[in-house]
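Open the model in your viewer and keep the selection tool ready. The tour goes from one selection to the next.

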Amino acid sequence: SSGINAEYGGKTTFIKMLAGITKPTTSIEELPRLNVSYKPQEISPKFQGTVRQMLHEKIRNAYVYPQFVTDVIKPLQIEKLYDQQVQNLSGGEIQRVAICLCLGKPADVYLIDEPSAHLDSEQRLHAAKVIKRYILHAKKTAFVVEHDFIMGTYLADRVVVFEGEPSVSTKACTPQTLLSGMNKFLESLEITFRRDPTNFRPRVNKMESLKDVEQKRTGCYFFLDD
């Protein structure tokens, strides 16, 4: 299953703690040691060489495995970048390669921080499909931190909502279903979403519109289906 952390500050800190990079500031029970693959929020590649050379060094077995090529390499259009120098890649190209590297590492849990960064709307959809398909087929777990609402709702089947004062004091709530989690999140923002009848994507209702008032009255801030 895959999860997404939503709302306020603390999401990247939370995922870094799961990755074992950031230590808790208060004494808590020791976190279980997990075999994780982590894609950070900020990516600053130091590798000197081509994309092909980096994939060969970092995920040698995965990047030539036919199923991985079909599920990850081709839809992310990584083959087009094979002969490019890693140092010359654009932000979006680096992001796609970073997602590929993360998924190519054998792990029990995949920690993916903002996979939509530097990607255009079409690339975000492709990336979301790649991540979800790979995690489901591999029967693994992913924690995904995401600010793109549409990408987040597509990826997640469970949600961790953060409450509190940004960058001061926040609390991660117990994981809950996508519907109840998004309802809780949107209620705190006083925003309602409807499902667009043409492309089925979430759309924000105009504040105090008939639809907005009606949904708030019934407590339905977010809809999975009409």
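A residue is called buried when its relative accessible area is under 20%, and exposed when that area is over 50%. Bear in mind that this is a predicted model.

Select C173. Is C173 buried or exposed? Its relative accessibility is 14%, under the 20% limit, so C173 counts as buried.

Next, show the cysteine sulfurs. A disulfide is a covalent bond between the sulfur atoms of two cysteines. How many disulfides does a search of the whole structure find? The search finds zero. C173 takes part in no disulfide, and the nearest cysteine sulfur, in C220, is 20 Å away.

Move to C100. Its sulfur lies 9.9 Å from the closest cysteine sulfur, that of C102. A disulfide needs the two sulfurs within 2.5 Å, so this pair is too far apart for a bond. C100 is also buried, with a relative accessible area of 0%.

Now select residues 91–104, which form helix 4. From first C-alpha to last, this helix of 14 residues reaches 20 Å, close to the 20 Å expected at 1.5 Å a residue. Of its 14 residues, 13 are buried, so helix 4 is largely enclosed by the rest of the structure.

To see the contact, select F68, V72 and I73 on helix 3, then C100, L103 and G104 on helix 4. Five of these contact residues are nonpolar, one is polar and none is charged.

Technical notes. Residues are numbered from 1 along each chain as its sequence is written. This is a predicted model: local features need pLDDT of at least 70, side-chain atom pairs count only at pLDDT 80 or more; totals for chains, interfaces and linings use all residues. Side-chain values use heavy atoms; hydrogens and water are left out. Buried means under 20% relative accessible area, exposed over 50%, partly exposed in between (1.4 Å probe, protein chains only). Helices (H or I, at least four residues) and strands (E, at least two) are DSSP runs, numbered from the N terminus. The expected span of a helix is 1.5 Å times one less than its number of residues. Contact means heavy atoms within 4.5 Å. Ala, Val, Leu, Ile, Met, Phe, Trp, Tyr, Cys and Pro count as nonpolar, Asp, Glu, Lys and Arg as charged, and the others, Gly among them, as polar.
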